[in-house]
Amino acid sequence: MTLSRLNPGPRMSQAVTIGHIAFLAGQVPDDLTADITTQTRQVLAKLDRVVADLGAQKADIASVQVWLANMDDFQGMNAVWDEWVNAEAPPARATGGTSLARPGMRVEMIAVVALPEVLAA
């Protein structure tokens with residue numbers, strides 16, 4: 001099976017595909033001074049863009065790992081998530097608390113996406 005990389009850079013790729021599966025890099029917010037709802041919206045918008053760049057759609061997201069710098073933000077993140085998620089085809093999801101890479105970063109999300117057969121061939 002061949003690996004394919006979306007927007008590779010010197011440190012990482014935006015996504016790596018293997019067959020019909022794409023592994024996305026962690027999506028992080030732009031505004032590190034914003035509250036959890038704004039940061040979550042920014043991260044989900046980035047996730048939507050990468051999924052679209054792969055030729056997939058929200059219903060193709062198989063799983064998402066959500067990392068929060070502070071578990072007290074769980075309710076606020078979930079409020080935005082619930083507005084965003086495809087209720088007919090929700091992905092598997094796990095949420096954990098951890099130290100994130102930069103001060104002010106409150107949320108990071110990592111996803112796995114099933115690619116349409118046409119693109120993955």
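This is a chat about the fold of a predicted protein model and some of its residues.

Trainee: What secondary structure does the protein have?
Mentor: In this predicted model, the protein has three helices and six strands. Starting at the N terminus, the order is β-β-β-α-β-α-β-β-α.

Trainee: How compact is the protein for 121 residues?
Mentor: The radius of gyration is 14 Å, close to the 14 Å from the globule rule, so the protein is as compact as a globular protein of that length. The C-alpha trace spans about 45 × 40 × 20 Å along its principal axes.

Trainee: What share of the residues is buried?
Mentor: Of the 121 residues, 39% count as buried. As for the surface, the protein exposes about 6,800 Å², and 52% of that comes from carbon and sulfur atoms.

Trainee: And how many of the contacts join residues at least 24 apart?
Mentor: Taking contacts between residues at least 6 apart in sequence, 69% of them join residues at least 24 apart.

Trainee: What about charges, how many positive and how many negative?
Mentor: There are 9 positive and 13 negative charges, and their mean positions are 7 Å apart.

Trainee: Let's go to helix 1. Where does it run, and what is its reach?
Mentor: Helix 1 covers residues 36-53, which makes 18 residues. From first C-alpha to last, helix 1 reaches 26 Å, close to the 26 Å expected at 1.5 Å a residue.

Trainee: Which of its residues are buried?
Mentor: The buried residues in helix 1 are I36, Q39, T40, Q42, V43, L44, K46, L47, V50 and V51.

Trainee: Why would residues three or four places apart point the same way?
Mentor: An α-helix has 3.6 residues a turn, so residues with that spacing point the same way. In helix 1, I36, Q39, V43, L47 and V50 are among the buried residues.

Trainee: What covers them?
Mentor: The cover for the buried residues of helix 1 includes strand 1 (3-6), strand 2 (15-18), strand 3 (21-24), strand 4 (61-68), helix 2 (74-84) and strand 6 (107-114).

Trainee: What comes just after helix 1?
Mentor: G55 sits there, with a positive phi of about 80°. Another positive phi, about 50°, belongs to N7, although N7 is not a glycine. N7 lies in the loop between strand 1 and strand 2.

Trainee: On to helix 2. Which residues are buried there?
Mentor: In helix 2, G76, M77, N78, V80, W81 and W84 are buried. The buried residues of helix 2 pack against helix 1, strand 4, strand 5 (92-97) and strand 6.

Trainee: What about F23, where is it and what does it touch?
Mentor: F23 is in strand 3. At 40% relative accessibility, F23 counts as partly exposed. Apart from neighbours within four places in sequence, F23 is in contact with Q14, A15, V16, I18, A111 and V112. F23 and V66 are 43 residues apart in sequence and 14 Å apart in space, C-alpha to C-alpha.

Trainee: Now the loops. Where is M105?
Mentor: M105 is in the loop between strand 5 and strand 6, and M105 is buried, with a relative accessible area of 5%.

Trainee: What separates M105 from D30?
Mentor: M105 and D30 are 75 residues apart in sequence and 8.7 Å apart in space, C-alpha to C-alpha.

Note on methods
Residues are numbered from 1 along each chain as its sequence is written. This is a predicted model: local features need pLDDT of at least 70, side-chain atom pairs count only at pLDDT 80 or more; totals for chains, interfaces and linings use all residues. Side-chain values use heavy atoms; hydrogens and water are left out. Helices (H or I, at least four residues) and strands (E, at least two) are DSSP runs, numbered from the N terminus. The radius of gyration is taken over C-alpha atoms; the globule rule is 2.2 Å times the number of residues to the power 0.38. Buried means under 20% relative accessible area, exposed over 50%, partly exposed in between (1.4 Å probe, protein chains only). Contact means heavy atoms within 4.5 Å. Accessible areas come from the Shrake-Rupley method with a 1.4 Å probe; for residues, only the protein chains shown count as cover. Lys and Arg count as positive and Asp and Glu as negative; His and the chain ends are not counted. The place of a charge is taken as NZ of Lys, CZ of Arg, CG of Asp or CD of Glu. The expected span of a helix is 1.5 Å times one less than its number of residues.
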